[in-house]
Structures are given as C-alpha cells and as structure tokens.
There are 2 protein chains.
Amino acid sequence: MLDFTHDASRQSWVASANAADTEFPLQNLPLGRFSEPAQPAPRLGVAIGDQVLDLTRLAATLSPVEAGAAAAFFAACATGDLAAVCALPPEAVTAGRRWLSDALWEGAAGVTTRQARLSPWLLPQAAVTMHRPLEFKNYTDFYASVFHATNVGAMFRPDNPLLPNYKYIPIGYHGRASSVVVSGTPVRRPQGQTRPDPEAPPVFGPSRLLDYELEVGILVGRGNRLGEPIPIAEAEGHIFGLCLLNDWSARDIQAWEYQPLGPFLSKSFATSVSPWVVTRDALAPFRCPAMARPEGDPAPLDYLWNEADQSGGGFDVTLEVFLTTARMREQGLPPVRLSQSRLRDLYWTPAQMIAHHTSNGCDLQPGDLLGSGTVSGPTKDARGCLLELTWRGSEPLALPSGETRRFLEDGDEVTLRGFCERDGFRRIGFGECRGRIAG
Amino acid sequence: MLDFTHDASRQSWVASANAADTEFPLQNLPLGRFSEPAQPAPRLGVAIGDQVLDLTRLAATLSPVEAGAAAAFFAACATGDLAAVCALPPEAVTAGRRWLSDALWEGAAGVTTRQARLSPWLLPQAAVTMHRPLEFKNYTDFYASVFHATNVGAMFRPDNPLLPNYKYIPIGYHGRASSVVVSGTPVRRPQGQTRPDPEAPPVFGPSRLLDYELEVGILVGRGNRLGEPIPIAEAEGHIFGLCLLNDWSARDIQAWEYQPLGPFLSKSFATSVSPWVVTRDALAPFRCPAMARPEGDPAPLDYLWNEADQSGGGFDVTLEVFLTTARMREQGLPPVRLSQSRLRDLYWTPAQMIAHHTSNGCDLQPGDLLGSGTVSGPTKDARGCLLELTWRGSEPLALPSGETRRFLEDGDEVTLRGFCERDGFRRIGFGECRGRIAG
C-alpha cells in the first residue's frame, strides 16, 4: 500500500538523507543492528542518510503519548532483537515506519522540536559497527532462478539441463544458520575434500574453486505454528523485508560431497548478509508481477497459485556484483562490475517460497532467513556467480588489472549491491554485502 | 574415564533407582527439561529412578560451600537452558555428575541429611511435562550407517548401491531445527507434492509413504569459533551426550523433491527426540572401537583418522523400534518390535562427524544437534526404517493384529528405545522417543 511515507517530495531534517545519491532517503528507513566500540551489546537502529537513529535507546525514553500508534513497534525495538520486530503484526511495523517518517521529516510544523528530541539518538554510520540483522535460528536457501538452474544444469547435463521437478517445486534446502555473517566479515578459504582426479582417491586441502552467489535474503515476519501451513493467499503478509545475501560456495567441495543429500560443507563455511533490512513497506512502490512463465510451462499447482501474487508478488530490485582484487587495489583501480540482474526474473515469488516451505506443516519463526538462490537473468552479463560467468572456468574473465579470474583468489573482495528505481519515487538502496577472501 | 559414579554397587536413597529394570539408576543421571502444569517455564532436571530432581531450583538454594567443585555446573543449571550446560568445559560437567552421584547415594554417612536436603526438589516423573532438551539452533543429520546407505542405494541403483564418496565422507546435510519436537508430540501426516505417475503431472496431497528413521542424536558440547576447525584428536571432548531421534520421512515427497539439493519438506515436518540426554560421562563404560572397515575399504583421510577414536570412539548402544497400531491398541496387544540394531555398527564415529563438520571452518554451537542417520545393521532384523524393512513396500510386514504395513498409517505409534549393557555395570537406558501419526 502506498502512503505518505513513499512521497518523493518529503525531505528529512537529516541533510544527508536528501542527497541525490544516498541509498537511505526518508523513503527507505531500513532496520539493522549496530553497536559502539565502548558498548558492544547490539542495539536496533534505522538508517537515514549517513546516520543511524538508535531505536533501542530512543524507545526507552518515549512516553506512551509520544509513541502513539507505534507503541508496539518501539516496545519490540527496546529488546534490541530484530526478531521481536519481525514477530509484530504487519500493521505494527507500518505504524513504526509512519512514526519514523514523520519524526525525521523536515515538515513545516514542529521540525525544530522533532530534531531536538531525536538528535541525541543519532549517530554517524561511520562511527558504529554493524552486526548481522539478528541471530538467525533457521536459514533456508532456495534455487528460484530458472536461468541459474538452467545454466548450472547445462554444464552437467547438456541435453536435459532442468530437472523434471524444477517447474513444479520451489526447490530449496536447509542451510547453516550459525555461519551467517555480516557484510565485511573476512571469509576464510575453506578446507575440504575434493577429487580433482576421478581416477585417484580424494584429497583434503584448500578449496580451489571458490565462488560467490548473488542472492537476496528474505526475512520472515510472523511465523506459523508447527502443523499449520501458511496458505499462498496469506504468505505475502509473512514477508518482513529483504537484504542482500552472498551464499559463498566451494564448487570443488560441492561437486564431490553433494550426492545424495545436497550441499553441506561447500556452503556452511560462511554466508554473508548486508546489515540493513529493507522492509516490505519500503518496497511497496517497487512490486511487480511474478515472472511470466514461458509458453508451455505448467501453471503452479493450486497451493502455489494466487492471483494477487501472480500480478504483484514480485520485487523489482536491480542487483549487482563488483569485484576488486589485491592487484586492483594496489593499482588504485575501482571495483569492476561482474554482473547486473533483476530479482523480478525469479521463477518463484517469495510468497510461493513461504507457502511451499510451510505446506508440510513446517514452522517458520520470526526472522528466519530465506535465500532466493543465485539471481541470474537471461543474458550473459546477468549471471550471478563465477561458475556461470566463466562457464565452469572455461571462459576466464579478463580484469582491468591484466589479471584473469576463473574462481576467487585470496585477497579478492566481492561486493553485492541492490537498488530500486521508479519514476516519481525516490531511489532506495540496500547498502552493500561485502566479503574479502582470506587465505 | 571410569570413576566411582559407574560403580554398580552404589545404590540410591531414591528407591526406584535401585529397581533392576529402571532405565535411570544412579549410574545414569541423564539431563532434561521439564515443567509443572502450574509453572510452564521449563527447568532443568536429572532423572533418577521414576523421579526427577529439579536442578534449576536446587541450584538457586545451594551455597558455594555446598556446590563445591560443581559450582559452574549448578550456575549453568540455574539458567534453565541446557545449552548453558553443554557450553561448560567437560570437567565441569563431570564435577556436576560426581556431585549428583554422591548426593543421591545411599552411602553410610550423612544419607539422612542429604535426603532431607534434596527431597524438596524431587518430583515424580509422572507429574511433570517433558520438553525438548533445548531450543535447538542447528540440526545436522548424517548418514553414517553403511548398511542403511547400501540398502537404500540398492533399491535405486542395484549394480552400484554405494556412491563413490560414501567411504571417504561422513555424508550429512543441514536439517530443520525449528520442527524438532519432544517424544510424545503427535506427528501430523504432511501434505506435499508427489508424482505417483511419472507420466502425469505431480499432485499435492497427504504423503502416502510415511516412514520413521531410527537414529541417535548427538548433542554438541562446547562449540568452536567460525573458521577454527575442531581437529579429530579433540573432537571427542566436544560430545556432550546422546539422545534418541526419529527422523520422520515422507518417502514419496522425498523422491520427487530431493534432486539436486537434497531432502527438504520430506523431513522438516517433524523430528522427534527423547527428553533425556545421556551424558558422555555416563556412557564411558560402554565405549567401543569404531566399526572395523571391511577389507579393501580406504582408510579415513588424515583429518578423520585418530588412533584413540579408532580404538574407543564408538558407542555400544542397542537400539530398538516398536510399533503399535490403532487396532493393536483396541485388541490390547503389546507393541511389536520391528528391529534391533547397534550404534557401534556406524561407519563413522561421532568424533569423525564433528571433525568433518568443522573441517571447513563451520562453527558448531553448544547444544547443536547431530543426527547419526538411520542406524541399520547387517541383518534383516536390524533395518532401521520401513523403507528398508519392507524393501520399498514390496515385502509388507505382518502384524499380530492381522494387519500388514508397508508404510505408516494414521494412528500408528512408533517408539524408539535404547540401552547399554555390560557385565559388571548397571544397565542404563535412554527412555523413549515416541510419536503417533495424526491424520
């Protein structure tokens, strides 16, 4: 639903939020968890321009009259746990957004008072440490890009790239929640078993085919009770918000371990997420239809089909991957963009993922993390991982530093970015999801 | 290490702990989480005979002098969270066990005082509700029985039942932590996509091939930090204890969904665990060598090989599965035993699972749950699931009620049991892991 919080003409009294190139204008208001060096316990905050507003401490000072309709939102913020905010009814999250939009607005009346009231809880983002948005309890990774699935399948089964279940099932698997880390955390190259020579026994050592995967993370809002599926018509209301997600993958470990129970240690060494969660409310102007199924594809089964989801269940987010190598940094070269793809090109919507995930009665918990799977598109420059971009290493990338890349080398830094644009609306961004490979 | 806590001659002043057929003699002392109807917040307790000693409330009353060497143990118990006990150094857990063994002992001196001191914290097990041992954050399921893997493989690939990686890798996958439930919780038959007719589109409906899997759960003790693997020589010290685990499986959903990323909704509708965790200390007399690898099998790679683990890293636990159907209950028939197998027949030891799981740097957290995978043995009566016992339904089981079973029907109740026996030692049991199928 579009309301005044999306009004592009609204400016903030936080000047940096009005800059044309900010990712965090007044219309975004993403939530995250931060701390200060002297006070390491994480608190919740909202990004506004280059500042962060401390919601946990602000909440402790608000009177019931001041909090008004946002009382439940601030009570959740007071816990310092984003899962408590995710667990709120969607209306309560919306009330919090409206409160913040008004409080940070450079409107005519009362701006001096509002500014004086909130300024003590405003900190420069440069002065705080960001944490993962919450201590994720459950992480599920989907495989929702048909372009990615087709590319990967084609490498292994040229005549039959897509498995027969793909167009019926939003394929997913349980990921490892403990090793989800926040953007900026170094990623150690994993050791593991690989079998480079299929005629010889496997060997144990550092992965040589280390890759990133460009994904979006979907944070679950209210959960469901075990045994009580979420119908597709209600699934939309269980989306709390989106972040960026890099599902680092060791392709050589994966190839040797994944039969018959799926990826395990090839993924669980690290999964990076961006620190800021862009709420579903903020994304309202950027919704779009589900991807049009190609002629001849089966319709989704009834439990995955909903008219509103088909017409508006997609998210129009543009996603980008940038790489810098150690040599590029030495040479002062800027990051090079490896790909650009669109979240709207997913074969399955987030609501379909939620309906499918709970269709067997599995319970989702507030703040659970769902990965979209690698977001690739139909063109070569929209391939969301090196496995696809270099076609298993057979087509190395040429970099401006004169280097080439088949897979990631030590010192390589991968940065994911995402943004939404639409005429008549402020551009909003996701910040970044960054990780550098440590040997 | 064997000490006085294993001395079979020690009797308890809790009379029921001295019964020949108790599963919880003074030598066992398993830990669990319970509540009373009027006080629903779970507390930690230890099972002794048919009683439970309330460790959380006892801890709050103990003076430092009384707690002595067990002070850290009781401080952890005071939290009511078994993860806090798992996180202790193993010596602190041992100190707690010794304290409890002495306090509950019917020794000559001071028994009246001890009994008077502890009796207020003793409750009949029949009067309390048991909970899952802790709110599991991560659950990983292994596939460590070569007999199970060979049987299942033979159904699908008769000429090549074991995949080439099996004898090198302790195969495992990430399971769903949120849907782990305690024994006694009804298990709803899941709905899901299946494709009974491979020439027709898939259908959505109740699973028709519902199965149990007889497993043991391994609770992780102290964890490790991300990026810091646990070497095989140290892995033993990261085992906190064992429980029973039933990895309920919908075989028809599994067959259609599992390619290429492994089992997902076919497993995540419910996983049952027994309420009592038998500590590693309690199991010390029942350790045994790792399974002897058949002639010609490769030796474990270096990171999975440790002499002490090979000679004593196994657990000699006998495991059993019992079934009652609705008709059997109507006819007053006792449960029928479907299988008996031995945990010592696993191809991989728990220490190897932990070393492998962390070899890529993945962090284990205190209280994480590792499933052994279905524990089957070399003989037909040692097959740990119906898929194997009925050979995919082709050899139905005949039951004393005149019924037959290929897979589980509504109303069927599956009970797992486990125990350890050795000459000169008290028999210790695991209690039960029970679940009834609700339609």
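Analyst: The two copies meet through the same surface, because 98% of the interface residues of chain B are also interface residues in chain A. This is a predicted model, in which local features need pLDDT of at least 70 and side-chain atom pairs count only at pLDDT 80 or more, while totals for chains, interfaces and linings use all residues. Residues are numbered from 1 along each chain as its sequence is written, chains are lettered from A and ligands numbered from 1 in the order in which they are written, and side-chain values use heavy atoms, with hydrogens and water left out.

Start with the symmetry. Chain B is superposed on chain A by a rotation of 180° with 0.0 Å of shift along the axis, and the RMSD is 0.0 Å. The two copies are thus related as by a two-fold rotation axis. In chain B, the C-alpha nearest that axis belongs to B:Gly262, at 2.1 Å. The superposition is by least squares on the C-alpha atoms of residues with pLDDT of at least 70 in both copies.

Now the contact itself. Chain B gives 56 residues to it and chain A gives 55. Contact here means heavy atoms within 4.5 Å. The size of an interface is often given as the accessible area lost when the parts come together. Between chain B and chain A, about 5300 Å² is buried, and carbon and sulfur atoms give 62% of that. Buried area is the accessible area (1.4 Å probe) that two parts lose on being put together, summed over both. In chain B, the residues that lose the most area to chain A are B:His174, B:Leu261 and B:Phe264, together 16% of what that side buries.

Side chains of opposite charge can pair when their charged atoms come close. Two salt bridges cross the interface of chain B and chain A. The term stands for a side-chain nitrogen of Lys or Arg within 4 Å of a carboxyl oxygen of Asp or Glu. A:Arg176 and B:Asp368 meet in a salt bridge, at 2.7 Å from N to O.

Which elements of chain B give two or more residues to the side that touches chain A? They are β6 (139–142), β7 (172–174), β10 (191–194), β11 (203–206), α9 (251–257) and α12 (350–358) of chain B. The most comes from β7(B), with three residues. Helices (H or I, at least four residues) and strands (E, at least two) are DSSP runs, numbered from the N terminus. By residue type, this side of chain B divides into 29 nonpolar, 19 polar and eight charged. Ala, Val, Leu, Ile, Met, Phe, Trp, Tyr, Cys and Pro count as nonpolar, Asp, Glu, Lys and Arg as charged, and the others, Gly among them, as polar.

Look at the backbone too. Most residues other than glycine have a negative phi, and most peptide bonds are trans. The bond from B:Gln259 to B:Pro260 is cis, with omega near 0°. B:Pro260 sits in the loop between α9 and β16 (271–273) of chain B. In chain A, the bond from A:Gln259 to A:Pro260 is cis as well, with omega near 0°. A:Pro260 sits in the loop between α9 (251–257) and β16 (271–273) of chain A.

Finally, some context within each chain. In chain B, five strands form an open sheet in the order β9-β26-β25-β20-β21, with mixed pairing. Two strands pair if DSSP finds at least two bridges between them. β9(B) pairs with β26 (residues 428–438) of chain B in the parallel sense, over two bridges. There, B:Val187 stands opposite B:Ile437. In chain A, A:Asp410 forms a salt bridge with A:Arg189, with the closest N and O atoms 2.8 Å apart. A:Asp410 lies in the loop between β24 (404–405) and β25 (413–420) of chain A and A:Arg189 in the loop between β9 (187–188) and β10 (191–194) of chain A, so the pair ties together parts 221 residues apart in sequence.
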